[in-house]
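Here is a brief report on the structure shown below. It covers nonpolar cores, a chain fold and a helix pair.

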Amino acid sequence: MKQLLITLVAIVAALPLSAQKGLRIDEVFKGNIVNELALQESLVKGESLEPYKLKVLHTVKFTTSSTQRDRVEALFEEDMKGRLSDDDENLELEYRDGHLYYAIVQIADIRKGLHRYICYQSRTNMAEHTITLVYMEGKASLADLRKTFKKK
Amino acid sequence: MNKVTPENIRLLLTRYLDGESTQEELQQLGEYLGHADRLPADLMPYAQMFALLGETQPTPSVQALDRLAADRPSPDLSLVGRGADTNGGLAGNKSNYSSPCKGEAGRGSHRLGLLLAAACIAAFAFILLAPLRLEEESMAVAYVDGKKLDDKQAAMRMGQEALQEIFSNGNQEEQLSNIFNGL
């Protein structure tokens, strides 16, 4: 009984931070690639996101070495294989100097009508790379998100 | 066991208390204990026990009960002297008393225990998960340098800034600005 309760509590505790479960970049969100102490992380769910037609917004930002940048980039590219299409309405992508510079990718829905997006951005300053990684899900289309978040 | 004697009955009772009785032996016990008027006094408590358990419905006669009351024998539970030696008399044999119950009654209580455990788990799951579902519907947390900030606005701001930064990449003005800044 005691063991069962402990298991139950562990499962419950793990639930809130597993929104992007099943994706390779989940390892980054979990702090398995970059030390979680170096992460700036935000997780927003629910009514605060209603104006953006989103249900989940999970972001991490960190500064890291080239080696770790390459690992994160590789994981992201793995997840990109699950993209909905190569159409502009589902994908924005740019490479610079042989590395991913930024990407906004709509990946296959888990539930009908609930769109999922993964985003990546890397900024290089000397030998360090500042990477921003985003996972979001909701009813918003990529066009909706561009309209909302793109700076004029 | 063809001849039914009090000694045989004592042996059968021992087997019964150990839960080893066959149907035939139970029948013999029932028949013998059911005729309680010719029971030895030390077997009378067992006749009553059988009556209570309802297995044979023995009905000790009035005379037998009177004789029992007159003698007031303490139930000699160590029928053939084995339980008392190993388990310490009455206390040891009390445990034997329960052995016949390990059959149907034991299984019944086991089932009841399982049901209770399942009910407890369901109740705990409901209690634990119900507030979580509410929280999951609406939550905002931020972690900076490994420290959790329960500041919803800060979490929201961090998320918005990250998205604005990423979605502005396709912005030509910003790209030009980046080029001029040597980025």
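## Nonpolar cores

In this predicted model, the largest nonpolar core holds 41 residues. Six names stand out there for touching the most other members: A:Ala103, A:Ile104, A:Ile118, A:Cys119, A:Val134 and B:Ile166.

A second core is separate and has 14 residues. Its members include B:Leu29, B:Tyr32, B:Leu39 and B:Leu43.

## Chain A

Chain A has 4 helices and 6 strands. Read from the N terminus, their order is α-α-β-β-α-β-β-β-β-α.

The chain counts 152 residues, and 35% of them are buried. Consider the contacts in chain A between residues at least 6 apart in sequence: 55% of these join residues at least 24 apart.

## A helix pair in chain B

Helix α1 of chain B spans residues 6-17, and helix α2 of chain B spans residues 23-34. They pack at about 125 degrees, with axes 10 Å apart. The angle lies between the perpendicular range, 65 to 115, and the antiparallel range, over 145, so α1(B) and α2(B) are oblique to each other. Their crossing is left-handed.

On the α1(B) side, the contact uses B:Ile9, B:Leu12, B:Leu13, B:Arg15 and B:Tyr16. On the α2(B) side, it uses B:Glu25, B:Gln28, B:Leu29 and B:Tyr32. By type, the contact residues are 6 nonpolar, 1 polar and 2 charged.

Note on methods: Residues are numbered from 1 along each chain as its sequence is written. Chains are lettered from A and ligands numbered from 1 in the order in which they are written. This is a predicted model: local features need pLDDT of at least 70, side-chain atom pairs count only at pLDDT 80 or more; totals for chains, interfaces and linings use all residues. Axes are lines fitted to C-alpha atoms, for helices over the stretch in contact, and angles run from 0 to 180 degrees between N-to-C directions. Helices (H or I, at least four residues) and strands (E, at least two) are DSSP runs, numbered from the N terminus. Angles under 35 degrees count as roughly parallel, over 145 as roughly antiparallel, 65 to 115 as roughly perpendicular and the rest as oblique. A crossing is left-handed if the near helix is turned anticlockwise from the far one by less than a right angle, and right-handed if clockwise. Two residues are in contact if their C-beta atoms, placed from the backbone, lie within 7 Å. Ala, Val, Leu, Ile, Met, Phe, Trp, Tyr, Cys and Pro count as nonpolar, Asp, Glu, Lys and Arg as charged, and the others, Gly among them, as polar. A nonpolar core is a set of buried Ala, Val, Leu, Ile, Met, Phe, Trp, Tyr and Cys residues joined through C-beta atoms within 7 Å. A residue is buried if 20 or more other C-beta atoms lie within 10 Å of its own, exposed if 12 or fewer, and partly exposed in between; C-beta atoms are placed from the backbone.
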